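Subject: Structure handover

Dear colleague,

Please find the structure below. My notes on it follow.

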Amino acid sequence: MVYVIDAANPLGGLLQVHERVCGIQYFLEHHCGFFYILTNAPLSENKECSGGNYYLAKCPVEDIQSANWQNVILPGGDTSLQDMDIYNGHLVLSVNKKGFPMLCSVNLPINFKYKHQVEVDDLNPWYFPLPSNLCTVVPGSNHDFMSSVYRVVLSSPVMPDVIVDYDMSRQKYSIVQQEEVRGVSGNRTSLPAYEADTFRLQNEKENVLDFESERWKDFSSAYCCEKKEVVSYDGVRIPLTILYAQKSWQKGQSPGVLHGYGAYGEVLEKSWCSNRLSLLDRGWVVAFADVRGGGGSDSSWHKSGSGLYKQNSVYDFVACADYLVNKGYVHRDRVGAIGFSAGCLVVGAAINMYPDLFRAAILKVPFLDVCNTLLDPSLPLTILDYEEFGNPQIHSQFESILSYSPYDNIICDACYPSMLVTASFNDSRVGVWEAAKWVAKVRDSTCFECSRAVILKANMTGGHFGEGGRYGQCEEMAYDYAFLMKVLGMRNNK
């Protein structure tokens, strides 16, 4: 059983631990008389554990005093711990190694009688075989504590969702089911990637037959998914995922759209989406910029794009857009941008800084009026957002927020890109007035010819995530694509 301890949910005897490091989240699990904890704050005097990354420790159930947590497992130089699950005979660790999401299992009980603090690889883990083009790993319904099988859902922009069972006792895997996609050429089967610096497999000879019989399908022969590193203004390398169709894409001529978010430590969603094929087959490029402020290899990636460093997110996004143009992926006059919620802050600020870089933008339930919103503590998320964006009641933080707040930095008489701005009347996270104020000010302040291309689309019944149901989402995406094709043009296949 997993417990998440925070200020709103202290759990009995664990309250004393919570009081030592208020506001930090932990994941505790019980096994054979011990509590295992994955935390990003030191529970002892060990200064090596104070870097902000997660590490693993344990203590006897009868002695939960934080001073007695011992024998931590530290992240390695290129490996960070993300999450864990525990079973009767196995500990499953979610790790990020050299920027790639990975899963591994460690046999329990763990021998903690080391003279030094250990890393994951010191425990002889079994790294689960994963596809080379993998982007998302989502745990399945793993509720049986006595089981030795761990179920996950794997997905990527070129691989439909596949449900895989990993047998941790036998160190083998089996494919349960994979989503079927009809009408797509280039379907092929592939084996896992076994790159020496990314995956390490034990008992390789025993797994050969199993691997030969278990293959997952992908469309990498029809659709190309490239992972690049873009150098931002300060030299930091920003992950950029670029997706396009092999036959339809034309170097230097194709239109493209860049997705960005960069907030709350969340990674951009890059799993399989069949609706996306409509753009790709028309020669479009779809790219995802994992800018600072979002999820990364460790917690520092989030911190370096939040608070006083929020503008890093914006500069990273601009650098990725420039990269798409300079490397010939997208035509200079056919670049679009898409943001959702807090991601619209990044897109909106980028438009203000470089209005001629983008030709079209879609802002969905946008967080744009940052200063005014954070100055109103009666709104549901304002106080919680102080940690993410800063507290404008503090002068230095107010100046920082004001410097990038999209609504407060609209350039008068400038030529802005065509924009589709969507809002929901019943949105409890971002007020419907933020989109309305942005549209009104852009229409009033910017170039008259450009301002006529700013569309406000209000949903009077939906919430923050729009209309529910399959058909409602399809209609919304069709509207978005129609807007993009109208503004950036569409090219039919020859």
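The structure holds zero disulfides, a disulfide being a pair of cysteine sulfur atoms within 2.5 Å. In general, the term refers to a covalent bond between the sulfur atoms of two cysteines. Cysteine 104 is buried, at a relative accessible area of 0%, while cysteine 225 is partly exposed at 21%. Here buried means under 20% relative accessible area, exposed means over 50%, and partly exposed is in between, with a 1.4 Å probe and protein chains only.

Some conventions apply. This is a predicted model, in which local features need pLDDT of at least 70 and side-chain atom pairs count only at pLDDT 80 or more, whereas totals for chains, interfaces and linings use all residues. Residues are numbered from 1 along each chain as its sequence is written, and side-chain values use heavy atoms, with hydrogens and water left out.

Overall figures

The chain has 494 residues, and buried residues make up 51% of them. Its secondary structure comes to 12 helices and 24 strands; helices (H or I, at least four residues) and strands (E, at least two) are DSSP runs, numbered from the N terminus. Of the contacts between residues at least 6 apart in sequence, 63% join residues at least 24 apart, where contact means heavy atoms within 4.5 Å.

Cores

The largest nonpolar core has 48 residues, and those with the most contacts inside it are Leu240, Ile242, Leu258, Phe317, Phe358, Met419 and Trp438. A nonpolar core is a set of buried Ala, Val, Leu, Ile, Met, Phe, Trp, Tyr and Cys residues joined through side-chain atoms within 4.5 Å. Helix 5 (residues 311-326) gives the most to this core, with nine residues. Apart from this core lies another, of 39 residues, which includes Ile338, Ile362, Cys371 and Tyr481.

Phenylalanine 317 touches a list of residues that includes Leu258, Ala289, Val291, Val346 and Phe358, not counting residues up to four places away in sequence. His259 and Gly260 are also among the residues that phenylalanine 317 touches.

Two further buried residues

Valine 439 is found in helix 10 (residues 432-445) and is buried, with a relative accessible area of 2%. Leaving aside neighbours within four places in sequence, valine 439 is in contact with Val421, Val454 and Leu456. The C-alpha atoms of valine 439 and valine 454 are separated by 6.7 Å, with the two residues 15 apart along the chain.

Threonine 422 belongs to strand 23 (residues 418-424). Its relative accessible area is 10%, so threonine 422 counts as buried. With residues up to four places away in sequence not counted, threonine 422 touches Leu363, Lys364, Val365, Pro366, Ala435 and Lys457.

Sheets

Two strands are taken to pair if DSSP finds at least two bridges between them. Strand 8 (residues 100-107) pairs with strand 10 in the antiparallel sense over two bridges, and serine 105 stands opposite tryptophan 126 in strand 10.

An open sheet of four strands, again with antiparallel pairing, has the order 11-12-13-14. Strand 11 (136-139) and strand 14 (172-178) are its edge strands, each pairing on one side only. Strand 11 is joined by four bridges to strand 12 (residues 149-156), and the two run antiparallel. Valine 137 stands opposite leucine 154 in strand 12.

Backbone points to check

Most residues other than glycine have a negative phi. Asparagine 124 has a positive phi of about 55° although it is not a glycine. Asparagine 124 lies in the loop between strand 9 (118-119) and strand 10, and counts as exposed at 53% relative accessibility. For tyrosine 264, phi is near 60°, also positive in a residue other than glycine. Tyrosine 264 is in the loop between strand 19 (256-260) and helix 3 (277-280), and is partly exposed, with a relative accessible area of 34%.

Regards
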